[in-house]
There are 2 protein chains.
Amino acid sequence: MTNPYETDLDRNAANYQPLTPIAFLERAAMTFPDHLAIVHGAQRITYGAFWRRSLRLASALARRGIGKGDTVSVMLSNTPPMLEAHFGVPMTRGVLHSLNTRLDAAIIAFQLDHADSKVLIVDREFSAVVQDALKLTTVKPLVVDFDDPDYGEDAPHPKGERIGSLDYEALVAEGSEDFAWQMPDDEWNAIALNYTSGTTGNPKGVVYHHRGAALMAYTNTIHAGLRQHSAYLWTLPMFHCNGWCFPWTLAVTASTHVCLRWVRARAMYDAIADHGVTHLCGAPIVMSTLINAPDADKRDFSQTVTFNTAAAPPPEAVLSGMADAGFAVTHLYGLTETYGPSVVNEWHGEWDSLDSSARTAKKARQGVRYAGLEGLTVMDPETMTPVPHDGQTMGEVMFRGNIVMKGYLKNRKASDEAFAGGWFHSGDLGVIHPDGYLQLKDRSKDIIISGGENISSIEVEDALYKHPSVAACAVVGQADEKWGETPVAYVELKPGRRASEEELVEHCRTLLARFKCPRTVVFAEIPKTSTGKIQKFRLRDMAKGG
Amino acid sequence: MTNPYETDLDRNAANYQPLTPIAFLERAAMTFPDHLAIVHGAQRITYGAFWRRSLRLASALARRGIGKGDTVSVMLSNTPPMLEAHFGVPMTRGVLHSLNTRLDAAIIAFQLDHADSKVLIVDREFSAVVQDALKLTTVKPLVVDFDDPDYGEDAPHPKGERIGSLDYEALVAEGSEDFAWQMPDDEWNAIALNYTSGTTGNPKGVVYHHRGAALMAYTNTIHAGLRQHSAYLWTLPMFHCNGWCFPWTLAVTASTHVCLRWVRARAMYDAIADHGVTHLCGAPIVMSTLINAPDADKRDFSQTVTFNTAAAPPPEAVLSGMADAGFAVTHLYGLTETYGPSVVNEWHGEWDSLDSSARTAKKARQGVRYAGLEGLTVMDPETMTPVPHDGQTMGEVMFRGNIVMKGYLKNRKASDEAFAGGWFHSGDLGVIHPDGYLQLKDRSKDIIISGGENISSIEVEDALYKHPSVAACAVVGQADEKWGETPVAYVELKPGRRASEEELVEHCRTLLARFKCPRTVVFAEIPKTSTGKIQKFRLRDMAKGG
């Protein structure tokens, strides 16, 4: 029997359009053409100008042959061209490939070749390393220099040489703002490419689509609490999961991007006080920078500022310091493969009345799925059976839904493995609490196995963070003849504070089973990625050497 | 050449799930099981219970044979079963058909037959008319009575007889909360059916899909400014475009539904004061009810309450009265075919400094497309050419995007006409102002043609509303031998106010060209639909008779 609800009721141009974040910028520019879209140094770009510049960029790229499936690579700081590229490149139906600006020449070269890059836009902050990379590549992209007129007088190093065949502004000038941009022909089409910073082997190219980017824009707006004309400070690198998709997100509410090339306390406070910033994102290290800033760098502000943090659970001292300083902290969790954050620590009002350490414990949990994520679970990856919701039984965190990547570019094997059984396997280990909230316990490779017992390095780090002198710490396993592995702790102390190895181990014993306590404590600077994540593989190397 | 971005990067269960609002309720129930989802009289239903009751309803319906493409009809007030039906019916992959509770037996019978209704859930407020309708139908649905324990002691009439074979609670009790609900197998699948209240011919059945309902939930959340745990008062009938999709929308933010069977001032103020209502929706008549309420019915409240209005531009006196009473008014516009509102009067902060009448003029404009609507334009329907953005040139308002209906059920001809040229033809006439904002001028059938000149009945009504004694008015054309048509005004005066026909015509002459002024003024009660829309076809009938 035919179903009348599926008969003569097909998709057509009037009732079906591909989801794409480009439509949000078009709408913002049409509705609020004179509202401030971008602040960067002395530059002020309205939504009308942002739209027209993106069109010109798209037009110029299209004239130079960029079209569907072509890669445009960028090595850019948090500056206007990076925002324009987030719209201008997809308007050509091309794909935006953002390079992590801290990468070395060899990895840049690998990515450019793997992505078959046709155009490469480079900020002159990074021209030296890119020049080295281009000596190694097979591809020979059109290289475009971005010569930032607001590079900053406090730059730690001067701009590098021009290495391209034209400047970014000259490229934009080639284009027309009458460019007939088109919706993607399918919302499943690729919009962006981001390589994971894999610690072993070659990086994998994570592909996002228009559908996911548009849905992230909605859900970010809702979870971050963005309203019409909010102001967002760019402390999170835009090359990192496309800045968690906030370059696209802000267009929904016609909010203002406040750019920031270097994440420094004074500049952050100035932006908050001078530009009315209401939202920013970053790893806990950015929060530490804010609250540990010298008084001379701090500024007063009256608005409540929402800080969305991810990468590690915010420590108690950081949370209370942030609250005192006028920030509301939301804890998010996600991976490059999930467009950035796709899990949110949804806060229950009654938790406000808990004492500080209990509140921190609630805040440390990663939480529940984003509205835009259809499934989040912790399973035994062998049996694909969900773990009981007991807060104890560990399993692998798995994701399912429309804000999970298309897959890894030109790497079917890795994609198939990642999607085995119809769920994205994150490689993270976690538990589900009785109330359904996810808590990470570790990356599977970060678990320390000592005498056959699993030790969660996060649990040991949590104990260390409770010591008043500890500013930062990381715990890894060290080979041990008897136990297999034992925990070794790397610790940074707060300025002016002291603590001995014995004192810290003793402190841990008051909180942890003895076998979980660090066997060794090393006082040293802890290596971090450009996005503030601690690089445990480096510590493991150090532990091997030690 | 193959495009690597479209190779080995296909949809699978991990990275693609059909969009559906059911996922939002599941998430709210998992995250905030103890938060209040529904208030109705003395009843309090948490999100956990809302979810479980929806599952039981779905399970019971499935056991009785409801599945993909089957219609479940409901004749319900704004009560908990109506909310449960919005989730429970689609959980079976069935389609929810909401009957306008003011319809007569013949139209109800037509709809039940046309929709091939399998189950009909009826509030006992409406059992008499439904019983009459069932005598006329070919279909013989399972009839379920809803016997509301909170019917209200102030009911204007007692509950009707039981006419069904079981009570709603007995049906729900048949189901299991372990029901294995499934995502729709395609987000294009139908979720709801709403008949237009066409003034000529049979009503047309507008079909919504899961994709549109989910996207409306996001965009309603953003445009209405709903936040976590907002509270929403049900003044808008849920049978009207599925209550503008707010039954689904509130699940995104785990907000509270405050039910209301009868829209009366005292009950509205009580809900606002006692349940912390932050949002409500309705036609301007609801705003008039609020601000013209006797003091004894009013209550103080401290929160700002957002009132989303549609159906007619809010008059100046209503806007200033609402502002004084603590309400923020947002003007929306849409049609049944666009899931309710899909156009929003996005407010510019600088308009706050305009004088009251200029502010009202800005507020009277329908505005710009919802974030979820991809296209909004005014075109000459013959040539499909957009009108110039001059605020003068009239054309037909047209929509395009994912919150436009699938089409009309079993009416291919009407669907094809409505979607001609890849745009949904609304039948409304409007202009686009130089700033891109849409303003309606009239329904095409409401235009009065006098001496070959078009007269916008809205323009004449606007002039009448500026007279201090006019409470409500409507202008239609009356046949005239010389001029073809002349305008006739129907007017309701405010309590205790007076105005003569001559005085009102003279008033109009100070504001309008002489040929636009009413030739006749009739003081009479103006017929309105159940949702507060003025029924001009009835006035035209009256004008013919007069």
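## A hairpin in chain B

In the hairpin formed by S17(B) and S18(B), four residues lie between the strands, and B:Met384 adopts a positive phi near 55°. Helices (H or I, at least four residues) and strands (E, at least two) are DSSP runs numbered from the N terminus. This is a predicted model, in which local features need pLDDT of at least 70 and side-chain atom pairs count only at pLDDT 80 or more, while totals for chains, interfaces and linings use all residues. Residues are numbered from 1 along each chain as its sequence is written, and chains are lettered from A and ligands numbered from 1 in the order in which they are written.

S17(B) and strand S18 (residues 385–386) of chain B pair in the antiparallel sense over two bridges; two strands count as paired if DSSP finds at least two bridges between them. In this pairing B:Met379 is opposite B:Pro386 of S18(B). Strand S17 (residues 373–380) of chain B also pairs with strand S19 (residues 395–401) of chain B, antiparallel and over six bridges. There, B:Val378 faces B:Val397 in S19(B).

## Sheets

Strands of a sheet pair through backbone hydrogen bonds, either parallel or antiparallel. In chain A, an open five-stranded sheet with antiparallel pairing runs in the order S18-S17-S19-S21-S22. Strands S18 (385–386) and S22 (438–443) of chain A are at its edges with a single partner strand each, so one side of each has no neighbour in the sheet. S22(A) is joined to strand S21 (residues 424–432) of chain A by five bridges in the antiparallel sense, and A:Gly430 stands opposite A:Leu440 in S22(A).

Chain B contains an open sheet of eight strands with mixed pairing, ordered S7-S6-S5-S3-S4-S8-S9-S20. Its edge strands, S7 (166–167) and S20 (407–408) of chain B, each pair on one side only. Strand S3 (residues 71–75) and strand S5 (residues 117–123) of chain B are parallel partners over five bridges, with B:Val74 opposite B:Ile121 in S5(B).

Leaving aside residues up to four places away in sequence, the contacts of A:Ile121 include A:Val74, A:Leu76, A:Phe146 and A:Tyr168; a contact requires C-beta atoms, placed from the backbone, within 7 Å.

In helix H15 (residues 457–465) of chain B, eight of the nine residues are buried, so the helix is largely enclosed by the rest of the structure. A residue is buried if 20 or more other C-beta atoms lie within 10 Å of its own, exposed if 12 or fewer, and partly exposed in between, with C-beta atoms placed from the backbone. The buried residues of H15(B) include B:Glu461 and B:Asp462. Among the elements against which they pack are strand S25 (470–480), strand S26 (484–493) and helix H16 (501–509) of chain B.

## Contact between the chains

The contact takes 51 residues from chain A and 51 residues from chain B. On the side of chain A that touches chain B, H1(A) gives the most, with five residues. By class, this side has 24 nonpolar, 14 polar and 13 charged residues; Ala, Val, Leu, Ile, Met, Phe, Trp, Tyr, Cys and Pro count as nonpolar, Asp, Glu, Lys and Arg as charged, and the others, Gly among them, as polar.

Terms used. Contact = placed C-beta atoms within 7 Å.
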